[in-house]
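These notes are meant to be read beside the sequence and the coordinates, and they go through the points one by one.

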Amino acid sequence: MHIAAAGSGAPVLLLHQTPRAWDEFRDVLPLLGRHYRAIAMDTVGYGDSDRLPPGQASIENWAKAAHELLDALNIERAAVVGHHTGASIAIEIAAAYPGQVAALVLSASPYVDAARRVEAKTHQRAVVDDVAPRMDGGHLAELWSMRQSFYPPERIDLLERFIVDCLKAGPRAAEGHRVVDRHEMEKRLPLVRCPTLVIAPTADPHAYPHARKVAAAIAGSIVVEIANGMVPLPDQMPEEFAAAVHRFLAAQPAWARR
């Protein structure tokens, strides 16, 4: 397992979207590191973390790997922050290992229920990042084109960082989205008992429409919108993202004082 970390104090585990890696939180880490022990991990099979054996990729197994990472770091309780796919993993960690999660932040969380699983299984739902490698490199332009509308027009650097992580993931780039589509999320959300913040980036067409539904399924959760936030929210708007996370975590004083 590969991690990057900054700061000291109460631990905060950061979980990226697929097919990204810890680099998605490169600019968030030092900001949260002013207040916490911020840890960004590469999901198994992404970035520099080893992959699971074939056929074992699942939100449940990815959450188990994150749980085992916290154990290996001797962290009994942590705040868990997940973005897109990372939010799915964070929900599963909170549901499966409730004693280990002190607070939860779900940024741009998907909402997966039976209808979405059927839609995905019958191939009625397109899978982003699903391109066939070609010797002429045309698949790179295809990946860029698929993602371009989800990124700020002036931030070529963010698309370049996405491409690097996507190429490193290889065939797991698209598979990560299929893994999310298989998760029985609607059964896990009501099991979340810790304080929860749902971050809703208003310019994210995939996640923003589901934010209220996700929040409604978790007792006592709150929603904070980030205006003009897009799919790459943590690296698009790191200051706003880190500020929203810190405001929420600072309101959990018994944990934050650790």
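1. When the neighbours within four places in sequence are set aside, Asp165 is in contact with Pro19, Arg20, Ala21 and Asp23. The model is a predicted one, and the contacts described in this note should be read with that in mind. Asp165 is found in helix H6, and with a relative accessible area of 9% Asp165 is buried, because buried is taken as under 20%.

2. Helix H6, residues 156-169, also packs against helix H5, residues 138-148, and the axes of the two helices come within 11 Å and cross at roughly 125°. That angle makes H5 oblique to H6, and the crossing of H5 and H6 is right-handed. On the H5 side the contact involves Leu140, Leu143, Trp144, Arg147 and Gln148, which meet Ile156, Leu159, Glu160, Phe162, Ile163, Cys166 and Leu167 in H6. By class, the residues of the contact of H5 with H6 divide into 9 nonpolar, 1 polar and 2 charged.

3. The loop between H5 and H6 contains Phe150, and Phe150 counts as buried because its relative accessibility is 16% and the limit for burial is 20%. Once residues up to four places away in sequence are left out, Phe150 touches Pro205, His206, Met230, Val231 and Pro232.

4. The contact is made by Ile59, Glu60, Trp62, Ala63 and Ala66 of H2, together with Thr85, Ser88, Ile89, Glu92 and Ile93 of H3. Sorted by class, the contact of H2 with H3 has 6 nonpolar, 2 polar and 2 charged residues.

5. The largest nonpolar core has 51 residues, of which Leu13, Leu15, Ile93, Leu104 and Leu106 touch the most other members. H2 gives the most to this core, with 7 residues. Apart from this core lies another, of 29 residues, among them Val12, Phe241, Ala242 and Val245. For Leu106, leaving aside its neighbours within four places in sequence, the contacts are with Gly82, Ala87, Ala90, Ile91, Thr196, Leu197, Val198, Ile199, Val214 and Ile218. As general background, nonpolar side chains tend to be buried together in soluble globular proteins.

6. Finally, Gly9 lies in the loop between strand E1 (3-6) and strand E2 (11-15). With a relative accessible area of 43%, Gly9 is partly exposed. Gly9 and Asn61 are 52 residues apart in sequence, and their C-alpha atoms are 28 Å apart in space.

Definitions and conventions:
Residues numbered from 1 in each chain as written. Predicted model: local features only at pLDDT ≥ 70, side-chain atom pairs only at ≥ 80, totals over all residues. Heavy atoms only, no water. Axes fitted to C-alpha atoms, helices over the stretch in contact; angles between N-to-C directions. Helix = DSSP H or I, 4+ residues; strand = E, 2+ residues; numbered from the N terminus. Parallel < 35°, antiparallel > 145°, perpendicular 65-115°, else oblique. Left-handed = near helix turned anticlockwise from the far one by under 90°. Contact = heavy atoms within 4.5 Å. Nonpolar A, V, L, I, M, F, W, Y, C, P; charged D, E, K, R; others polar. Core = buried A, V, L, I, M, F, W, Y, C linked by side-chain atoms within 4.5 Å. Buried < 20%, exposed > 50% of the residue type's maximum accessible area, 1.4 Å probe, protein only.
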